[in-house]
Amino acid sequence: MKQFLAFVRKEFYHVFRDKKTLLLLFGLPVAQIVLFGFALTNEIKNSEIVVCDYANDVASHRITDQIEASGNFSIHKCLMSHRDIEAAFKAGNTKLAVIFPLNFNHDLLHLNKAQVQIIADASDPNTATTLTTFATSIIMDYQNELLQGHSLPFRIHTDLRMIYNPSLKGATNFVPGVIALVLLLVCVLMTSVSIVREKELGTMEILLVSPFSPILVVFAKAIPYFFLSLLNLTVILILSVTLLDLPIHGNILLLYAVSALFILTALSLGLLISNSTDSQQSAMLISLMGMLLPTLMFSGFMFPIENMPLPLRIISNIVPSKYYYTIVKSIMIKGLGFSAIWKETLVLAGMTAALLTISIKKFKIRLA
Amino acid sequence: MKEVVIKTDKLTKRFGDFIAANEISFEVYAGEIFGFLGANGAGKTTAMKMLCGLSAPSSGAATIAGFDIYKQTEQIKKRIGYMSQKFSLYEDLTVLENINFFGGIYGLSNRQLRLKREELIETLGMQQEAKQLVGSLPLGWKQKLAFSVAVVHEPKIVFLDEPTGGVDPVTRRQFWDLIYDTSDKGITIFVTTHYMDEAEYCNRISMMVDGVIKALDTPARLKEQFSAASMDEVFFELARGAKRKAD
């Protein structure tokens, strides 16, 4: 045990003396999240709302005035066909269209029920959600205002349409995606490089000649990166809560527990890579090509998996980050508990066990 | 009768068709400085790696400190030290941290470690440099430190693989003083080299040519046997017939 601690201490020295790498590891997620956070706030403030008022009556005027009163948007009033609206979306700044049908006020007062259509450009899902929520709440306010003087309920039915990206994938997906990416980067890349470095420098020979157990070398190396990853996760979570206003809806302990499992998966992958290569460069290349690209492509964080052709969808099933990503989304954004994620957790656990077994079996106790 | 600490019997290592070490048999006695000589590519490092447990022999038998190299590797590891051809300390750790680390993985107690640390810094005269990163030291100092670290756990045998490669003659001389001091403490030294002047410093030497041991005796008797004036001549005489190209 004392030997093991001496080794772990040495690994921490390595990590903390390599200032550049350390900076990269913590700077990268921070930069990504900060950039994303600011890009987001700017866009909503400058967006333009098109109001197509076919009704041109008291109710529609009142609602339009209230949207305008918020001061954040420029309102463009005109009568357009759906095709013109789409052209306006494509032209650029228009992010939302509100359409009042003929006889809006009349329907509302006499039938107690009327419709408004809201169309949003969901190619930027975050903006779309924010804007539609905003428009809907103004309409709801007006509805409540009407209710006060009357005994019969009025109902304005808002017809929401998200065009271009109906399921709104992409925005809240960002944080879970960054988490998966960063954990992979730290664990796979750093572990494999740090083990291969010992081989390259020749210190691995000295370690193998010593009575220190070769398998423990690997575990001792994994420990600093395990803690670094948890720290990184904490930084990302704090930033996403404070800067992006993306609250953690689910159980944070569960989130950490599952993340620890994913870190183990990544560490065993890093170990496997370090076993099959002898130079830091190739370890780095394999980690980047073999881990980061598939994570970007197949975890669903950038490109929706449902829209991929079947072969790619099948491939996506062997990418561990896909499962982790689903888990983080379920816990963080949907606030679901373990009962909703046990399948993914099981898959991750299975992958970890398999990877660890293979890499420990492959680990060379002798060099030749 | 002298105590035998290394004994090999027809130890062989094949890489495919290539026989790196061919049925080598020799004995090394406790406390001696045993020189393992040969040209580049003669199979010295391969033979040494088999003895250290870094490389599995293809056939043959060997014991280190009385333990079998196939079955009792754990006992052997505790009793040997090893200094490889490549410089093998951590450059991003300080002198003291390196000593602590290697002492630590050999399981030295805190008290032993403290004594060793003081003794080592004292012997090497590195009081000023103790807290410097090893990467900032000159090569000669690094080599001396690497050697001291290889014997920090007081092994029975220490294997040195071309320890003086690339250092100047003065530092080499100092390095050998260090080897003699260690030998005086009763530690057996097994050293490979291709500097023939260093061969003269050894108690006994073996000459390896093309994976085979061609000669084994004290430097004086080898010179007599080949009626040569220096070890250089002995080496040329033996290596002339070599078929392998140096790598």
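The C-alpha centres of domain 1 and domain 2 of chain A lie 45 Å apart in this predicted model. Domain 1 of chain A is made of residues 2-38 + 170-362, while domain 2 of chain A covers residues 46-163; such bounds come from an automatic or database domain assignment. Residues are numbered from 1 along each chain as its sequence is written, and chains are lettered from A in the order in which they are written. Because the model is predicted, local features need pLDDT of at least 70 and side-chain atom pairs count only at pLDDT 80 or more, whereas totals for chains, interfaces and linings use all residues, and side-chain values use heavy atoms, with hydrogens and water left out.

**Where the chains meet**

Chain A brings 25 residues to the contact and chain B brings 38 residues, where contact means heavy atoms within 4.5 Å. About 2700 Å² is buried between chain A and chain B, and carbon and sulfur atoms give 60% of that area; buried area is the accessible area (1.4 Å probe) that two parts lose on being put together, summed over both.

Between chain A and chain B there are 2 salt bridges, each being a side-chain nitrogen of Lys or Arg within 4 Å of a carboxyl oxygen of Asp or Glu.

| A:Glu205 | B:Lys49 | 3.1 Å |

Helices (H or I, at least four residues) and strands (E, at least two) are DSSP runs, numbered from the N terminus. Over all chains, the whole structure holds 20 salt bridges.

**Enclosed space**

A cavity is a set of points on a 1 Å grid over the protein atoms alone where a 1.4 Å probe fits but cannot get out, and its lining residues have an atom within 4 Å of a point. There are 3 cavities of 30 Å³ or more, and the largest cavity holds about 100 Å³ of space, a volume being the space filled by probe spheres set on the points. Strand 6 (80-83) and helix 5 (139-150) of chain B are the elements that give two or more residues to the lining of the largest cavity, and helix 5 of chain B gives the most, with 3 residues. The lining of the largest cavity includes A:Ile206 as well as B:Tyr82 and B:Phe102, and its residues divide into 9 nonpolar, 2 polar and no charged.

Technical notes. 1 Å grid on protein atoms, 1.4 Å probe; cavity = no way out; pocket = protein on both sides within 12 Å on 5 of 7 lines; lining within 4 Å. Nonpolar A, V, L, I, M, F, W, Y, C, P; charged D, E, K, R; others polar.
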